[in-house]
Amino acid sequence: MSWIIDFWPILYLIPVIVCLFYGFRKKKGSKIPRNTVCLHQVGRGPLVPSLSPFALKLETFLRMHKIPYMNDHSGTMSKKGKTPWITYNGKDIADSQMCIEYLKDKRNLRVDDHLSREEKAVARAIRCLTEENLYWTMCYETFVKNPKSLDLLLKDIFSRPKIFVFKNLVGRLVKKELHGHGIGRHSDTEIWSIGKGDLTALSEFLGDKNYMFGDKASDIDCTVFGMLSMAVWQMKGSRHEAYIHQNLPNLVAYCERMKESFWRDWSQRCRGPGYVQDDLKMYSF
C-alpha cells in the first residue's frame, strides 16, 4: 500500500479512501455553465453535509459569497490526487484553500476588507491551528482512539465488510502519518491535551462574538465551522464532542449560528431521513 501513501497527502486521506469504495467514476455529459463552480467532493455525511471538513469549508464559502455552484459527488479525484477540488470556467483547482484564493481573485471578492491587517494575520494563524493541528488530533481520536465510531458514521454508506476494511486500512495509514507529522509520537494524554487546548483557544478567541471577528462572517469562519461541525455533530462518542458540549457552549452556539445562516437545507443535505440527492443540482443565489 506504499503507493497510496506516496501519492495522496494524508490531509485528504480520509475522503480519498472513501473514494476508493465509491470508485473513481467520472461524470459524462454534464456541462458546467460559465461562471459556475463545480465542486468535486466525496459525498454527503450522515450528520453533517460532508464526510470531509475541507469540503464543508469550501461549500460554505460558496454559499457565503453566493457563488453559483453544483456538486459532483462521483468521487472523481483531481490531477493532484486531492479532494475536494473545483472546476471553474474550464480550469481545475485542487486544495480547499487554493480554491478559495482562486475564486476570490477571479470573482474580485473583497469580503474580508472589514478586517485589519492584524486581524487577517490572526485569521491565518487560526486557520493553521485548525487545519494543521486540531485536525490531526481529530484523526487520532477517530481512527486510533475510537475506531468503533466509524461503525455508526458509515453504517448507511457502506456495508459492514467495507467498514471493517476501511477502518483497518485507514487506521494503519493514519498511525503512520501521525508519526511522520510528529503528533503521533506523543502519548494519548498528550495528544488529547493538544486537541483540548486548540478547542479552548478557539472558544476563548470567539468569546461572545457572533463570528470569529465580530458580527460579520469572514472567510476564516468557513474553515472553523467546517472543522468544528465534525466534532460537534459527527464525532459521536469522542472526547472532542464531549468537551465541546460540556465546556464550550459558545462553540456549539457558533456552529448552530453558521448552520442557520448558510445551511437552511442542512437536513436535506445529510444522509438521513430527510436526505435529498443533489448531485449536479444547480445552486444559484
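Asn-250 is found in helix α11 of this predicted model; helices here are DSSP runs of H or I with at least four residues, strands are E runs of at least two, and both are numbered from the N terminus. Asn-250 has a relative accessible area of 19% and is therefore buried, where buried means under 20%, exposed over 50%, and partly exposed in between (1.4 Å probe, protein chains only). Leaving aside residues up to four places away in sequence, Asn-250 touches Ser-203, Leu-206 and Gly-207, a contact being heavy atoms within 4.5 Å. A polar atom of the Asn-250 side chain lies 3.1 Å from the backbone oxygen of Gly-207.

Helix α11 covers residues 249-262; at 1.5 Å a residue, its 14 residues should span 20 Å, which agrees with end C-alpha atoms that are 20 Å apart. The expected span is 1.5 Å times one less than the number of residues. Buried in α11 are Asn-250, Leu-251, Val-252, Tyr-254, Cys-255, Met-258 and Phe-262. Their cover includes α3, α8 (188-206), α9 and α10 (239-247).

Tyr-254 also belongs to the largest nonpolar core, of 75 residues, where Ile-86, Leu-154, Phe-225, Leu-228, Ile-244 and Tyr-254 touch the most other members. Such a core is a set of buried Ala, Val, Leu, Ile, Met, Phe, Trp, Tyr and Cys residues joined through side-chain atoms within 4.5 Å. Helix α9 gives the most to this core, with 10 residues. Beyond four places in sequence, the residues touched by Ile-86 include Val-37, Leu-39, Leu-58, Ile-93, Cys-99 and Leu-103.

Cys-99 and Leu-103 are among the buried residues of helix α4 (residues 96-106), as are Ser-96, Gln-97, Ile-100, Tyr-102 and Lys-104. These buried residues pack against β1 (37-40), α3 (53-64), β3 (85-88), β4 (91-94), α5 (117-145) and α9 (219-234). At the N-terminal end, α4 is capped by Asp-95, with a side-chain oxygen 3.0 Å from the backbone nitrogen of Gln-97. Asn-108, which follows α4, has a positive phi, near 55 degrees.

Overall, the protein has 12 helices and 5 strands, and buried residues make up 57% of its 285 residues. Of the contacts with a separation of 6 or more, 75% join residues 24 or more positions apart. The accessible surface (Shrake-Rupley method, 1.4 Å probe) comes to about 13,100 Å², of which 52% belongs to carbon and sulfur atoms.

Residues are numbered from 1 along each chain as its sequence is written, and side-chain values use heavy atoms, without hydrogens and water. For this predicted model, local features need pLDDT of at least 70 and side-chain atom pairs count only at pLDDT 80 or more, while totals for chains, interfaces and linings use all residues.

Key
A polar contact is a pair of N or O atoms within 3.5 Å; within protein, one must be able to donate a hydrogen and the other to accept it, and residues adjacent in sequence count only if both atoms are side-chain atoms.
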